[in-house]
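Please inspect the rings in the viewer before reading each solution.

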Amino acid sequence: MPRTAGPFLPLVLPLVCASQFMVILDASIVNVALPSIRAELGLSPTGLAWVVDAYLLTFAGCLLLGGRLADLLGHRRSLAAGLLLFAAASLAAGLAPDAAVLVGARAVQGLGAALLAPATLAVINTTFTEPAARARAFGAWSASGGVGGMAGALAGGAITTGLSWRWVFLINVPIGAVLIAAALAALPRGALSRPRLDLLGALTGTAGLALLSYGVMRGGQIWTIAAGALLLAVFARVDRRLFTRRATTAAGAMLLIFGALAIGLWYFSALLLQNVLGFSALAAGLGQTPAAVLFLAVARVAAVLLPRTGPRPPVLAGALCFVAGFLWLAAAGGGYWTAVLGPTLIVATGIGLTFPTLMAAATAGVPPRDAGTAGGLASTAAQAGSSIGLAVLATVGAFDRVFLIAAGLGLLLAVLSPLLPRHVE
């Protein structure tokens, strides 16, 4: 059973799941609205790209800082502050009179998301202390992120067509207000943490992630990526105590690989459906829906099984699903029913088995004072894996080669699975 939190304990899990849903949704919902934004505000192609990149860059770059602030300020304060910042920035984006205001608001949105995501993980880790309850909470949290990613294109299209592109952002304001009230009601107040903010670690980690993310987004700027990697190495040295737990380090490394595998499915299968099979954007989204639904179901089952099996078997099984599914995608030819649906369902099963398991392994057993930081590290690893994976795989060219590389990454994940602990605490 979860331990006592606030007066409305049943709100805790819906609160963190809804917050995670909103964070992931806003990474993709704006994509469909971009043509309408360009037409009204007169953005250049570069300016239009920054509407997306400003959010993703500050989100990825500030995750470590957001996690540490969650530990220092308290998870209730950090979650409420992230929601307030996110909702206020959404209001500014929805009312933006020009491109500069819109891009700036999107950057602040990303900062709010960077506060939110680690705080949601910290709340789960410190509220649900019994392993089975924590595993189920991670399964629900993972599924909510999956729903957010799946709903982005469909919701963005419906809102833009039925109302206006501005409502893609404005819809977050009333939702944010409700979630802030829920956070203040459901979570304990807690005291400010005594440890001071590690300024050198915060600066090197945040700047390193920002440079790395920017270099990847700009198509692989070598010097930027190298500078980011160097700063992250300094961060790892300065805050080496965060990497002393074998489970955290091993799961973090595997989350890097997982991020590349997940983007390998969702991004490149969408391109395959549109560029090869001739699907429209909406039809491609619908074509991916069976895999997304299966991922949600498997994630919930994996969370139930985790306390009994430990993390190694589900990650190994998921890795083998990646190998089989991506090899099928690489070798198959034909239409949707014979060449896409089957292998994407297999890969989606792998995602459902591995994602909640690795997130639970990366954060379980972490002292409450470091729960936010551990959540930030885990979220950062998955986000960085997706960004780097997309940049690398996009240069490969042919779909069969992309899927073969993804199958190889799945095999690497299988080889690394014994590094995980036998059981989560």
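**Exercise 1.** State which residues form one aromatic cluster.

*Solution.* In this predicted model, one aromatic cluster is formed by Tyr 55, Phe 59 and Phe 86. A search of the whole structure finds 9 aromatic pairs. Two pairs are treated below.

**Exercise 2.** Classify the pair of Phe 279 and Tyr 336, and locate both residues.

*Solution.* A pair of aromatic rings is described by the distance of the centres and the angle of the planes.

Step 1. The ring centres of Phe 279 and Tyr 336 are 5.9 Å apart, and pairing requires centres within 6.5 Å.

Step 2. The planes stand at 40 degrees, so the pair is tilted.

Step 3. Phe 279 lies in the loop between α12 (246-276) and α13 (281-309), whereas Tyr 336 belongs to helix α15 (residues 336-339); the pair therefore ties together parts that are 57 residues apart in sequence.

Step 4. With a relative accessible area of 26%, Phe 279 is partly exposed. Tyr 336 has a relative accessible area of 11% and is buried.

**Exercise 3.** Carry out the analysis for Phe 326 and Phe 403.

*Solution.* Step 1. The centres of the rings of Phe 326 and Phe 403 are 6.1 Å apart.

Step 1. Their planes are at 20 degrees, so this pair is stacked; the cut-off for stacking is under 30 degrees.

Step 2. Phe 326 is in helix α14 (residues 312-331) and Phe 403 in helix α18 (residues 399-416), so the pair links distant parts of the chain, 77 residues apart.

Step 3. Phe 326 is buried, its relative accessible area being 0%. Phe 403 also counts as buried, at 1% relative accessibility.

How values were computed. Residues are numbered from 1 along each chain as its sequence is written. This is a predicted model: local features need pLDDT of at least 70, side-chain atom pairs count only at pLDDT 80 or more; totals for chains, interfaces and linings use all residues. Side-chain values use heavy atoms; hydrogens and water are left out. Rings of Phe, Tyr and Trp (its six-membered ring) pair if their centres lie within 6.5 Å; planes under 30 degrees apart count as stacked, over 60 as edge-to-face and the rest as tilted. Helices (H or I, at least four residues) and strands (E, at least two) are DSSP runs, numbered from the N terminus. Buried means under 20% relative accessible area, exposed over 50%, partly exposed in between (1.4 Å probe, protein chains only).
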